[in-house]
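I set out to record how the parts of this structure meet, both between chains and within one chain. My entries follow in the order in which I looked things up.

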Amino acid sequence: MTERTILIFSLVFFMLFPTTALGDINPWAESYRLEALSQYETATKSIDAVIERKPQHEFAYLRRGWLNYLAGKHNTSIRDYQKAMDLSPKSLEARLGIMLPLIAQQRWREVNSHANKVLEVAPWNYYAHVRLMIAEEGERKWDTLLKHATAVNQRYPSDATVLLYLARANAWQNNDKAARNAYQQVLERSPSHIEALQYLSQ
Amino acid sequence: MRNVVTLLLLFLAQNTCADDWYWTGSAQTLFKSYNISTELDSLCGIAASFSADYLERSGFSLGYSLNHTEYKPHFDTGIVEIDERTLYLGAHSNHHPNSLPGVLTLQLGAYLGKDSIRSKSVTTTNTSPGPGPGGQTSSTRRFISTDDNYEVVNPVISYSNYRKTFYADLGYAFSHYASDDNNTDDLDVQQWTPTLGFAFNRGYDWLQLRVYWISLSNSNRVAGKKSTSALETKWIHWYNQNKPSYLHSTQISVLIGERRYAVDSDSTSLFNIPELQTAAFSIGGTWVLAEQTNLLALGGYERYENPSVDDKFNAIYMFAYLSHQW
């Protein structure tokens, strides 16, 4: 068989069975590739095909929820994470995930509710604590945030984000010395942190 | 009714978690003194309200207020005092449509109330029978009580973006006043209140503009004035970390134009004295007494006209509102 004959047979095969050819593209790999290119909305379409085939695919909803969050489609992201939670009510990842679009929509009470449900079963889950602190800051609960950030800082002493919330809570409570101390520690971990530099230069 | 309440409680128990409900209780008081008025003297008011919100999704509220208005004592006839009792019921639900980068809120308020009006009247009777100069008369002063009942419905549709830097709403209110007194006509009032609000200075300041378009039905209560319009401007400034102790925000409000029988959906209050409000100014602040306890104190000045008796007067008032969230 000549090369020319093989080429003709290949073309005829792909013309007759085009879906087989496209179906070979791994939708997961495609979604990761497009995510890396920041094409989040197109990446969700790869996952749509998976969900069409397997409507109970929990991970597909988690993945699409994340991509929709990155695409700024927060309501759709919330729906995807909610579906993942419905499919797997004990999933901590779905609860941690749904907090992201809720934070984007500043729905602090709902963030608070999901974070506390995670902390009921995983008391020192880092992400739940950080997202809860974001909600406490959004609701301007400075006293609660101060106590909370102090407790989390004891468990995660090297973390700059926790120290940042500790610094902000102290600043809003007019505890200037404690705020400066916390911002100083932020700079030890992140030397060019703009907010810490600005506060300490006052 | 009992079945409805039972079903509602069952629904709440099954579909919601107790931690997801946010309860707020509040109490308020108002003292107003009328100056250079030929009729009105002062007003004292108290009110209490209670509201429950399910996360950021929906909520309802219930309030009750009692205002006592004193009239000038030097009249032999006319109104002596009015006791106004108002029950407020409200509900709202928040929606997050995909097509909007913010929250759409549908709100419905209803007011049911009664003004109990106590008036003086003088009855003159002939004590000695027969005509002529020898006849004697005597005057008997007596008090009459009449009720003025009112119902108000106040739907509002509002939108706020997620960053809370823009707000717009459209409010409508329909009020119906009906008196027991046959000499006082019923009155229907329709009100439209478009509102715009903007945040500036990185969210530390807020400017809100609200227009009041009010049209009134034919009635001997309104002295020929069948429509009024006014613009209310409110500026709120929130303090940053370097705030004065406990002070959370200060606010100034100015009203220009004319307003009568207005419904204020922000403070859930009714301005239902028949006088025409021609200007208002208020200044105040909010103090955070504890993380969940706030105190709002306002002082204000208002100008009124009563064209039917050519009375122009003003009022100064103090208002305090204490709220606590659980």
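**Entry 1: a salt bridge between chains.** I looked up Lys117(A) and found that Lys117(A) forms a salt bridge with Asp20(B). The closest N and O atoms of this pair are 3.5 Å apart, and I note that the model is a predicted one. I then looked up the count of salt bridges between chain A and chain B, which is three.

**Entry 2: the interface as a whole.** I recorded that 21 residues of chain A are in contact with 21 residues of chain B. The size of an interface is often given as the accessible area lost when the parts come together. For chain A and chain B, the buried area is about 2,000 Å². Carbon and sulfur atoms give 39% of that area.

**Entry 3: helices H5 and H7 of chain A.** I turned to helix H5 (residues 58–70) and helix H7 (residues 92–104) of chain A, which pack at an angle of about 20 degrees with their axes 10 Å apart. H5(A) is therefore roughly parallel to H7(A). The crossing of H5(A) past H7(A) is left-handed. I noted that Leu62(A), Trp66(A) and Tyr69(A) of H5(A) meet residues of H7(A) including Glu93(A) and Leu100(A).

**Entry 4: helices H10 and H11 of chain A.** I found that the axes of helix H10 (residues 142–155) and helix H11 (residues 160–172) of chain A come within 8 Å and cross at roughly 145 degrees. H10(A) passes H11(A) in a left-handed crossing. Among the residues that meet are Trp142(A) and Leu146(A) in H10(A), and Leu166(A) and Trp172(A) in H11(A).

How values were computed: Residues are numbered from 1 along each chain as its sequence is written. Chains are lettered from A and ligands numbered from 1 in the order in which they are written. This is a predicted model: local features need pLDDT of at least 70, side-chain atom pairs count only at pLDDT 80 or more; totals for chains, interfaces and linings use all residues. Side-chain values use heavy atoms; hydrogens and water are left out. Axes are lines fitted to C-alpha atoms, for helices over the stretch in contact, and angles run from 0 to 180 degrees between N-to-C directions. Helices (H or I, at least four residues) and strands (E, at least two) are DSSP runs, numbered from the N terminus. Angles under 35 degrees count as roughly parallel, over 145 as roughly antiparallel, 65 to 115 as roughly perpendicular and the rest as oblique. A crossing is left-handed if the near helix is turned anticlockwise from the far one by less than a right angle, and right-handed if clockwise. Contact means heavy atoms within 4.5 Å. Buried area is the accessible area (1.4 Å probe) that two parts lose on being put together, summed over both. A salt bridge is a side-chain nitrogen of Lys or Arg within 4 Å of a carboxyl oxygen of Asp or Glu.
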